[in-house]
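Morning, everyone. I have one model to walk through. Have a look at it first, and then we start.

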Amino acid sequence: KTSSTIGFERAGQPLLREPEEDAFVEAALATLGPQPPNFENIVALNRGPLGKEGVDAHPLTPRQVQQAHRDGALVVDVRTELQFDEAHIPGAVCITARRAGFGSKLAWIAEPEQPLVLVGRDNDDAIEAAGLAAAVGLDTIAGFLAGGMTSWREDRYPVEAVERITVPELLERRDTVQILDVRERSEWDAGRIPGSLHLPYHDIRGLPDGLDPARPVAAICSSGQRAAVAASLLKRHGAADVLHVVEGGVGTWERSGGPLDR
């Protein structure tokens with residue numbers, strides 16, 4: 001249902017039939033997931049005056065991007081997950097700007113005041129992502145890769161890749177692959193793959209406890225989107241062989257005949 005009316009929602013939405021304000025607030029907040037560290041800043045931005053100034057994002061050469069990365073900037077690849085998996089700048093994080101939730105994912109991953117370098121398919125791609133970042137209070141944009149990933153490849157700078165694996169393929173390899181479930185705790189509690197490790201994607205600040213960095217590790221969520229971010233973070237933190245589970249997740253595992261612990 002892509003549109004509605006106030007009357008329809010009043011009739012069919014239990015929350016709107018709750019007469020007590022405190023009870024309404026409690027019920028409305030009960031199902032919210034964890035919020036990014038700068039959540040209060042985001043709320044303040046939304047409540048404040050309308051920002052009319054554009055984001056100041058400068059084009060950078062591949063060499064300048066490489067130097068900014070060495071100096072501590074977070075390199076964020078905003079292309080699609082498929083493009084990232086095929087080839088990306090070593091140490092970059094995959095957060096596509098082509099899907100909803102780009103700003104909130106970035107707000108989880110970026111450190112406060114950390115310079116950001118954006119990598120898109122082209123300049124317009126990166127500039128659009130800079131605007132989305134600023135909308136959630138992340139305006140420390142150090143620049144963007146001029147010409148997009150094409151310029152990096154043309155200058156013969158090194159690239160890395162992430163292996164993509166479907167759920168049926170993971171079932172076949174489950175005895176040789178470590179599985180990291182990157183969903184939220186409530187999802188993990190509802191059903192998890194036996195023997196898998198758990199750490200929400202936004203809490204990956206290093207390799208999770210119990211993970212062997214020398215063995216293959218598959219990042220899985222419910223659809224493949226959060227797993228894309230997690231896979232890039234695992235590579236960034238030193239995992240040697242990372243697999244991105246695509247075209248489904250834990251629910252697909254169960255529907256494909258895989259066992260679940262609850």
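Where is the place of Arg156? Arg156 sits in the loop between helix H8 (148–154) and strand E6 (163–166). Keep in mind that this is a predicted model. The backbone is the reason I picked that residue. Arg156 is not a glycine, yet its phi is positive, about 60 degrees. Most residues other than glycine have a negative phi. Is Arg156 buried or exposed? Exposed means over 50% relative accessible area. Arg156 has 77%, so it counts as exposed.

There is another case to show. Glu247 also has a positive phi, near 60 degrees, and is a residue other than glycine. Look in the loop between strand E10 (242–246) and helix H12 (250–255). Glu247 is exposed, at a relative accessible area of 65%.

Now the overall picture. The protein chain has 12 helices and 10 strands. Along the principal axes, the C-alpha atoms fill a box of roughly 65 × 55 × 30 Å. As for burial, 42% of the 262 residues count as buried.

On to charges. Side chains of opposite charge can pair when their charged atoms come close. How many salt bridges does the count come to? The count comes to 12. I will take some of them.

Start with Arg164 and Asp85. They form a salt bridge, with the closest N and O atoms 2.7 Å apart. This pair links distant parts of the chain. Arg164 is in strand E6, Asp85 is in helix H5 (residues 81–86), and 79 residues separate them. Arg164 is partly exposed, at 33% relative accessibility. Asp85 is at 3%, and the cut-off for buried is under 20%, so Asp85 counts as buried.

Next, Lys235 and Glu160. Their side chains meet in a salt bridge, 4.0 Å from N to O. Here too, distant parts of the chain are linked. Lys235 belongs to helix H11 (residues 225–236), while Glu160 lies in the loop between H8 and E6, 75 residues apart. Lys235 is buried, with a relative accessible area of 19%. Glu160 counts as partly exposed at 30%.

Then Asp181 and Arg183. Their salt bridge has its closest N and O atoms 2.7 Å apart. Are these residues buried or exposed? Asp181 is buried, at 1% relative accessible area. Arg183 is buried as well, at 6%.

There is also a network. Salt bridges link Arg98, Arg121, Asp125 and Glu128. Let me stay on Arg121. Arg121 lies in the loop between strand E4 (116–119) and helix H7 (123–134). At 40% relative accessibility, Arg121 counts as partly exposed. Ala110 is 11 residues away along the chain, and the C-alpha atoms of Arg121 and Ala110 are separated by 21 Å.

Last item: the surface. Which residues gather in a patch of negative charge there? They are Glu18, Glu20, Glu21, Asp22 and Glu26. Take Glu21 from that patch. Glu21 is found in helix H2 (residues 21–30). With a relative accessible area of 61%, Glu21 is exposed.

That is my tour. Questions, please.

Technical notes. Residues numbered from 1 in each chain as written. Predicted model: local features only at pLDDT ≥ 70, side-chain atom pairs only at ≥ 80, totals over all residues. Heavy atoms only, no water. Patch = residues over 30% accessible without salt bridge, like charges linked within 9 Å, V, L, I, M, F, W, Y side chains within 5 Å. Areas by Shrake-Rupley, 256 points an atom, 1.4 Å probe, with all protein chains shown as cover. Lys, Arg positive; Asp, Glu negative; His and termini not counted. Charge placed at Lys NZ, Arg CZ, Asp CG, Glu CD. Helix = DSSP H or I, 4+ residues; strand = E, 2+ residues; numbered from the N terminus. Buried < 20%, exposed > 50% of the residue type's maximum accessible area, 1.4 Å probe, protein only.
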